[in-house]
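Hi everyone, thanks for coming. Please take a moment to look at the structure on the screen, and then I'll walk you through it.

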Amino acid sequence: MFTKFTNILQQAVEALAPSLPLQEDFVFHWKAITHYYIDTSDDKAPVTDTNIPSHLDQMLDTLVQEENERESGETGPCMEYLLHHKILETLYTLGKADCPPGMKQQVLIFYTKLLGRIKQPLLPHINVHRPVQKLIRLCGEVLAAPTENEEIQFLCIVCAKLKQDPYLVNFFLENKSPTRGASSRKTEVDIPNKTSVPEDLASGTEQARSSESDTSTGSCNASCRAVISPLNSSSKSSQHSTDQSASLDSMTLSPQTAAARSSDHNQNQNYNLVNSLINLSKSPDGRIVVKASEGLMLLVSLPEPAAAKCLTDNTSLCQLLTERLGTLYRALPQSIDAMDIESLESVNWGLDSYSHKEDAAAFPGKRALISFLSWLDYCDQLIKEAHKLTAVALARAIRERFLVPVMEPQLLQTSEIGILTSISLLNRIIRQITSNAMLRELVFFLLGEQRQPEAAGDNKHQLRYRLIEHCDHLSDEISIMTLRMFEHLLQKPNEHIIYSMVLRNLEERNYIENKPPCQEDKDIVENGQIAGAVDLEEDPLFTDLSPDNRLLGSNWLTASPPPTPDHTKSDGKTEVHKIVNSFLCLVPDEAKSSYYVEGTGYDTYLRDAHRQVRQVRILSCKSESLTIDGPMSNALS
């Protein structure tokens, strides 16, 4: 109670006191923080019972006011003081020690507000991005930590800054080391020679590191004083002159230098920003998970190739996506009504809110299905927004670690209920995927990568032939759902789908039945015309047919494709009528152009085909005449 009264009294005195110059005011508040660690011996009082939060807010307000009063891009004395005296480095040390309790939360808030409210670029300064890197490592270490909300806010503001200036990501690709201490020492070596580190500060920092293990035993202030005391002595002896601007320039790394460093160690780097976001994406708090997912989406979209390669090679992002997909898919019930899967409303990641009232009227497994489709949508959107290298790697990982080991056994099972459920889910997945890379891997998973014509008994891709067999399954439900799946697949914008399912067997006309002629076949084809067929010239529908505008020559029925080594022909004649009639058997009567005409066989098909092509030609000629005689002629005249 007495401490709170003292804080209120001090704030009133500060409000009534005459205003100081900005730099003096900034230094005053910083020294007030450092004096706390020197004068206070109680290390158990929470930080909210001290003046530290208000002093940090006053420092931040001073920096913002200074920037607003100066021209754009100009660094003021308060910002120079912050950078020159390594205040962010000191705050990181205090936050890591969490002394007094809750200090880590205050440090995260200060970092977040500093990066968010200051307009000039701060991350290129070595005294900014180095402590930011270290603070990133502290985020996500403990799930459901009391500082989780502040951690995700800090990480998201860093991601937003990288999205604005993508080259800055090279500062956050750190070299791997066998131990944590070696990593810290290596980072110290990477500092440019022009950057001077005061010996007293360095020794104080080492003392703080050696005493970090004692914080749990109650010596928090002792370790913090080891850092604060040298800072006060060095600040008293330092003079702020124009040389500080030159020293600040030397502490700012150029983008070219950062990119060169990242490319040299591309194979042996840590991407701690991604790792921290991945850890927070496993939080039990759904809001934290959504924020972490948004941060990952910002990072994968950065155009830097070094960051894209490091993200796929040296982080567990691929593992996170595939493992969660597999876990959510296995959590689905073994049998779900196919109509429930088809009729489920569109699902978007981050918006899968679910109430208990909806749960009461829902079908069994709806909550699990929404969770799976929501994460699938996130994976699809992530790959869609990602760098090309990252998109290809993530899509391939989903195929190798989820589609093949998890989904394929379900599609190949023999249980009719299981087949119907798995194909319904596959149909829903096909409808939902929009990214090209993920669609490509899904098509290869379903149809295989083979492009050569199929031969009799060819079964190189088992899943493809099993799905085709399901089109003629004993269960009508399975047949209809499989046909619907192929229908949705054919509507997808992927060249391999059409080629694998249609064109690969049309290039050499492998669908033609080649066999030695028999007496029945000789009776069917006489003089290049099918026996019993109506002569086109005598048909009233083809009175305008003349030898000049015929679509095909007189020997079109006997034309044969060029022979290939795999398909030899002995008679040189093609049974076109059988091919056409086989095709017409697959077409529903309602879809035929001559549905109301009797005998909708080969002859009617040929008439309708000729009529439709002729109509297209007429429309084409009309459009060409309109183009030439209409606007074009007016423009020329």
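Of the 637 residues in the protein chain, 45% count as buried, where buried means under 20% relative accessible area, exposed over 50% and partly exposed in between, with a 1.4 Å probe and protein chains only. This is a predicted model, in which local features need pLDDT of at least 70, side-chain atom pairs count only at pLDDT 80 or more, and totals for chains, interfaces and linings use all residues. Residues are numbered from 1 along each chain as its sequence is written, and side-chain values use heavy atoms, leaving out hydrogens and water.

The chain has 30 helices and four strands; these are DSSP runs numbered from the N terminus, with at least four residues of H or I for a helix and at least two of E for a strand.

Now let's look at a helix pair. The axes of α3 (residues 52-69) and α6 (residues 103-117) come within 11 Å and cross at roughly 10 degrees. That makes α3 roughly parallel to α6, because angles under 35 degrees count as roughly parallel. These axes are lines fitted to C-alpha atoms over the stretch in contact, and angles run from 0 to 180 degrees between N-to-C directions. Contact means heavy atoms within 4.5 Å, and among the residues that meet are Leu56 and Leu60 in α3 and Phe110 and Leu114 in α6.

Finally, where is Pro493 found? Pro493 is in the loop between α25 (476-490) and α26 (495-501). Pro493 counts as exposed, because its relative accessibility is 67%. Pro493 and Thr434 are 59 residues apart in sequence and 9.3 Å apart in space, C-alpha to C-alpha.

How values were computed. Parallel < 35°, antiparallel > 145°, perpendicular 65-115°, else oblique.
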